[in-house]
Each structure stands twice: as C-alpha cells, then as structure tokens.
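Let's take a walk through a protein model together, one feature at a time. Have a look at it first, and then read on.

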There are 2 protein chains.
Amino acid sequence: MTPFKLTEELLVEIHQLISDKKNSDLRLMMKEFHYADIAEIADELDVEEATYLIKLLDSEKTSDILAEMHEDMREAVLNNLTVKEIAGELEELDTDDAADIVNELPKEIIQEVISEIEDKEHAKDIVDLLRYDEDTAGGLMAKELVKVNENWNVLTCVKEMRAQAENVTRVHSIYVVDDEDKLKGRLSLKDLLTTSTKTHIKNVYIPKVDHVEVNEKAEEVAKIMSKYDLEAIPVVDEIGRLVGRITIDDIVDVIKEEADKDYQMAAGISQDVEADDSIWELTRARLPWLILGLFGGLGAAAIMGGFEEMISKHAILFFFTPLIAAMAGNVGVQSSAIIVQGLANDDLKGSISNRLIKEMLLALLNGLILAVLLLVFTWVWKGTFNTAVAISLSLVVVIVVAGLIGTFIPLFLHRRNIDPAIATGPFITTSNDIFGILIYFWIAKLILGI
Amino acid sequence: MTPFKLTEELLVEIHQLISDKKNSDLRLMMKEFHYADIAEIADELDVEEATYLIKLLDSEKTSDILAEMHEDMREAVLNNLTVKEIAGELEELDTDDAADIVNELPKEIIQEVISEIEDKEHAKDIVDLLRYDEDTAGGLMAKELVKVNENWNVLTCVKEMRAQAENVTRVHSIYVVDDEDKLKGRLSLKDLLTTSTKTHIKNVYIPKVDHVEVNEKAEEVAKIMSKYDLEAIPVVDEIGRLVGRITIDDIVDVIKEEADKDYQMAAGISQDVEADDSIWELTRARLPWLILGLFGGLGAAAIMGGFEEMISKHAILFFFTPLIAAMAGNVGVQSSAIIVQGLANDDLKGSISNRLIKEMLLALLNGLILAVLLLVFTWVWKGTFNTAVAISLSLVVVIVVAGLIGTFIPLFLHRRNIDPAIATGPFITTSNDIFGILIYFWIAKLILGI
C-alpha cells in the first residue's frame, strides 16, 4: 500500500475543480480517497472550498470526514451549514464522535440541532454523552455496543444481537447484563454458536470482564487497555450499569496526545499548539516560559553582581558561568525526564531516598569525568592551577545538586498529585541555573579567597 | 475495575510463599492475577524466585508472562530453563512474540530450541519471522491469520476458517488470496453468513484491502493504522503474497516507544534507558550530551575571553551571559520542538521559507516583549541607560536568531533523511548558547564601543 500523500499538484487540481464547479469530476476523484485523506485535503482548503466539498459529497462520507478534520477547520465549515445539515451529519456518526462535534457547536444552536436528528434514540445517546468530561472514560466512550440479558436464551440472544449489530461498526465483545442493566460478564461468539438455542445465557457466559467506571481518567483507561492488550472495554456507571464502550482507536489518540503534551511541556510550551497555529496562539504558549527564564537570568545576574569584587582578580570565573548554567540545566532535565517518563509508564518502584542516592552516585560519576576534562582544559588555557581546581570542583557539586533537584521535584509533585511533567524543561533549567551559579561562586570564593 | 497495584505487602507475601515453597498457595494466588500483572510481579523478584514461579505455573500462562516481562529479567529467567522448557513456552505463544523471544536467546541454542518445538508448522513460522528487522512490518507481524482462497465456495471456506481460527486469538478480518497466495481482498463475516454455501468466494469478496509491504518501517505502519483506524493490517511480501498480519496492540507499543524516544532525545538522553537501569547504562546514555554541553560552555568561555577588555568598563555585560544563553536555548528548544512534532505527525505543509518568516515574526514579538522587561529592570538596577539598551537590543537579535536556528535545523535534517528529533535538546541548546553569546557581545561592543 502506498500511503496517501497530499501533493502540491493534487491541491492545485482540487482548487481548480472547485472553482470550475466540476461536481461530477470532484465526486469521482473523492470516491477513490479514504475519508481520513479527504479530511487532510479539506484542512488545506479555504473554508469556502471545504464547505463546498462537504456539501457536495454524501453525508455518509462527509460525517466521517468532518470527524477527522482539524478542529478549527471543522468549526468554520459547520458554521456554514444549516442546523438541518449538521443534524444530518450527526445522524451518520457514532455517538462518541457526534458528541465531540456537538460539544464544539455554539451553545445557542445545540438544542435545535439535536431536535433535528431523526433517530430519537441516537439523539438521546448523544445528549447522554454530553455531560461527561472529555478527559474521562465517559468522554471517550460510545453508546454503540452489543449487549444481551442473562435471562434470555441463546435464540432470543442471536435475534437481538443481529438487530443491535447493525449500529455497531465492529463487534469486539458481547456484554451480558442483568435485568437492571448491570454488567455481569461477556459472551464468547464461539460458545454462543456451539450451544443449544434453548440454553439460558446465564449458564454460558464468562462472569469476568475487564471494565472501567465512567469517571475514570482517560489516561488510566489508556494504561489499562494497553497493559492488558484490550481492543475494547465496557464502561459502567457509579452503580455498575453498562453505559458504553471504549475502543482501542480512541485510546491510540489519547496515548499520542499524552505523549505530545509531555514533550511540549519539556520544551517549554504550555497548551496544545501546532506549528500551523497563529503567532498569537504560539506566543501565549511560549512567552510565559520565556518570562520565567528571563527572571531566572536576572536572578543569576543579581547573584553575580554580589560577587563583583572577585572580577578584578578572577575574571575567568565569570567566563564560565554559561558553562555552569548549561551543565546544571542539562543534568536537571536529564534526570527529571527519566523520572517523569518512569512515572508516566508506572515503572518506578521503591522509595524516593533510594532514587536520590542512585542519582547522586550517577551525577557524581558524570560530574567527575566532566570535571577532569574541564580541569585540563582550563589549566592549559589560563595556566592558573588554583582557579582551574576551583572551577572544576564547583562543577562536580553543581552537577550533583542539579541531579538531585531534577530527581526530587518530579517525585515530590507526583506525591502531591500535580502533573510532574511541569517540572521538566524551563522550570528545572531556570531553577538549576540560579542554584548552579550560586553554588559555583560560593565554592570558588571558598577556595580562592576574595 | 480497580487496576492491579503491586504493593510492598504483596511482594513480601510472595517472597515468603516462595521461600516456604508453598506451591499450592502460590498457584491459587496467581490464578487470580492477569498474566501482565504476574509479569510485573516477576520483574520485582530475584532471578531465582522468578524462575521458581515460572517453573511452578502452567506453560499456557507462563508463556504470556514471559512475553510481558522486562527484557533483562526474561533473559535471566530463560537462562535458567532447559532447551525443552523454552521450546514449551514458545509453543504456546503467537509467532510474533515467540520470534521476539528467540531473537534474544544465545545464538548457540537457537537451533536446538527450535528443533524441540513439537508443532513443526509453528516452528517454521517462527523461523520465517526471524529474518525481519524488528523495526519493520515483518518484525511486527504474526503468522496467525485467517485466509481463504478465492476459488473456494462458501462451504469449504467456513470449514477451513474454523480450523484456522483455532490458532488465532482474535479474528479481525478474513483475507482472500489467489492460488499463488497473493492478497486479493477481504471478506465480511456478514456476507459470508448470508450467502448460499455454493457461491464462490470470488463473487462475494471485497477487492480492496489496506495492506503494507513486509519491509515498510514500523513507524510508517503505525501512522497508517492509526490514521485509518485499523485494528489489523495484512502484510505482503515483495511480490504481493500474504505473509502475515499486524494487530493494533503491537502498534500501540510502537507509538509509545517512538514517543518515549523523542522525549528522551529532547532531554539529552540517547539510547532507550529506564530509571531502573544501571548507573553504567544511564551514564552511557547521558554523558555524551553532557560532554557536548561542556564543549559548548568552553566555546562560550573562549568567546568571552576574547571580549575581556570590556570587563573593566562594562562588567555588567558579563553578569547577563547566563540570561542570554538561557533565552537562546529556550527559544531554540521551543521552536525545534514544534517543528519536530509537526514532522512526526505529518502536519507540516508549505515551504521552509514560510516557516522561517513566521518563526522570525514570532521570535521578534516575544523578543520585544522580553527586551522591554529587561530594559526596565537593568536601567533601574544599574542606572546606565546605554548598557541597558545594548543588553536589551542584543536579546532581541539573539532570540530571533535562536528561533531561526531552532526552526531551520530540524527541517534541514528531515530533508536529508536524518531523524530531526536529534536537533532538539542539548544539540540546539549548545549551539544556540555559543551563537547567542557571540551575537550579544558583538552588538554590545558595537553600541558601547570598546
């Protein structure tokens, strides 16, 4: 399979077809493409062109295209559709995707759109989903699933299943509930097919099934599903009633978003931004961390100002402050990244103090190797052995302290239920810069006098 | 579902049960746990204890436990098993997991282990998989799948499928091949069940099926499967013959590893390490980047040495070098992270020059805001307007240059087919430190003279 590649030529061709209103050519061309590819195309068109394309194609396909499109573009296109058209799109979507789109609509039209949905059951399911936070199991789940009552016999069961399965794209499991809709277990298709039609489900189902509660955090659901290799997991409400089902494709998105977020946080980018966002959005995500860095730099400058009397005799000390700050920052980021990743993957066992001892030894080893390199270089360069020793020795201490801070802060934040990812990147770099330079001048002063 | 939590108490209890050789209690306890949870337990035991546990339990369960265990622990435990015992474990595993384990075995015993596998077909499939690179579709795929010949009729098909399905844990799709085993399409279960038993498959199958070639990169397979929401994808060899199948759970692992790798690279950690790895392994992953940082710092020191004559009149310039270096580093990391992420998600459209212009405007905006803050602070602190202007103005230039470098380098590496993730973290920080300080002193000298 050659993966679809959106080329400049293809885009030009589509622009042309739209402006020439060559509807049948357009329809024919789009017929060949997967809806995810058309969504990619639509994201690159003007809003008017994208709207034209959406109105042109069949709502069975456009609903999926809309669901895959970039949020901003989707919002703009929906703005150009009538309430009835939007309802038509929602009609075709699974309840989870439909609810996500409804959540983005302007508040004043939501009720109207819902009332235009012809399938009342579908509309009710969508409304049900609206009340869940998007970062919870409830926010991820769809209402589409296949469930059977434990009191049915196999024959009724097969009949009912056939009807239900029409609304469900992929049947992963058949869930068994009691008369109060409480989740009791699951049914294997094999058992169902090899059992006499009069047998009651009660006697054949598997009474154990992994499930999550509706308020469980999305991140936690992702962990459970990927640890146990589940392709779908049923969701129950507070009293154990089966209310929905989460499939693995939604979890793949959660895992990606989670990783992207941690990565951006480490790079000093708050909020979820993309390269194509506006300069204003990017500034809002980037500037706060830069201001933090600025204050860190001012702090470092103030500290150096306090050691100004050393400048006449030991100017060289001041030449090495960027080196000290960089090493403190790098070591801090390295150790915090390993801890943050370990926490995210639930890999960290054992006590905080053991971690700190290990990081201390590690930083000491790295610090000593680096200090020897630095000592030789400085000695050769400037020929003053005492200064070279002072700088190198401080480097070791700075690296050890930086490693300890980098290890301790994320563990501490995690204990306090704060996302430890915030401790990577500019936060740790800035604090380590300040501590590093302070320690550096202290030790240098101690060794060199004045 | 309360997720399994490995507590200190539980571990103590298991240690005790093993040392007391309370086999039936142990078996009873493990019966309650999922194999992924037992793998988590085994990872925390001594090698002897873990071996004891593996030998105690049924190979149907222990094979899955072994497959889920940490690589180092698995290797150690397998070392304690006989060739026959290892073959027994492989017998129970799907071919993809079995091949992964065989790849880790010492070369000299591989042949012996393979020859001890009783199911010769299974052994042959495992051997087939051994020749693929683990980062390709071939390295991810399993041989277990359900396939039917286009020339069969529905009745034969159903009979054959039943036999095949016994070896396949989850049937996602039924693939259709011709007499030469070339992939022709897929079959929907629904169509199969509603068609007369004498109809030929040729007349009912869907002739379009997403697939990948055996040498396709794992990363690319992950992109395709998550973009098109596929739960399984068939793999074909160079001439289109169906050779295997990749399921979404393996892709989830690929996505996680990819994200972990990029994150570690950004934090200055090469090689895949975890918090629990040895100090030596961690040093190997961290020290190279620190040495790079050290040389960067030495470069910065050398630059400052070149401007030494300014120190008597403008000592304050030297106090601000950590600030300049930090800002250059932060801006560089921010802009490179956004580009690297955009490239990883295939989100970047348009030309490099447009990107650079946008980043320049963005950096200019951020730089000006930061410069005003810095100007006010420096002026108030030291009262010398000229110096304050020189420092602030250089900051703006440094930030713009840093942003451009951070944007350009990953795009450049990507064009040259080098993983752009290498350009984030210490690499960009270090080069920006040096350029930043050089630009800073140049501009300051230009404005202040001497």
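Across all chains, the count comes to 18 aromatic pairs, where rings of Phe, Tyr and Trp (its six-membered ring) pair if their centres lie within 6.5 Å; planes under 30 degrees apart count as stacked, over 60 as edge-to-face and the rest as tilted. One of these is the stacked pair of F307(A) and F441(A), with 5.0 Å from centre to centre and 20° between the planes. F307(A) sits in the loop between α16 (279-306) and α17 (315-319) of chain A, while F441(A) belongs to helix α21 (residues 426-448) of chain A, so the pair ties together parts that are 134 residues apart in sequence. Helices here (H or I, at least four residues) are DSSP runs, numbered from the N terminus.

Before going further, please note that this is a predicted model, in which local features need pLDDT of at least 70 and side-chain atom pairs count only at pLDDT 80 or more, while totals for chains, interfaces and linings use all residues. Residues are numbered from 1 along each chain as its sequence is written, chains are lettered from A and ligands numbered from 1 in the order in which they are written, and side-chain values use heavy atoms, with hydrogens and water left out.

One aromatic cluster is formed by F307(A), F318(A), Y440(A), F441(A) and F319(B).

Now for the two chains as partners.

How many residues does the contact take from each chain? It takes 105 residues from chain B and 105 residues from chain A, contact meaning heavy atoms within 4.5 Å. Together the chains bury about 9,900 Å², 62% of it on carbon and sulfur atoms; buried area is the accessible area (1.4 Å probe) that two parts lose on being put together, summed over both. Between chain B and chain A there are six salt bridges, each a side-chain nitrogen of Lys or Arg within 4 Å of a carboxyl oxygen of Asp or Glu. E359(A) forms a salt bridge with R286(B), with the closest N and O atoms 3.1 Å apart.

Finally, let's look at the backbone. Most residues other than glycine have a negative phi. K21(A), however, has a positive phi of about 55° although it is not a glycine. K21(A) is found in the loop between α1 (8-19) and α2 (23-31) of chain A, and it is exposed, with a relative accessible area of 56%. N417(A), also not a glycine, has a positive phi near 60°. N417(A) lies in the loop between α20 (385-415) and α21 of chain A and is exposed, with a relative accessible area of 73%.

Note on methods
Helices (H or I, at least four residues) and strands (E, at least two) are DSSP runs, numbered from the N terminus. Buried means under 20% relative accessible area, exposed over 50%, partly exposed in between (1.4 Å probe, protein chains only).
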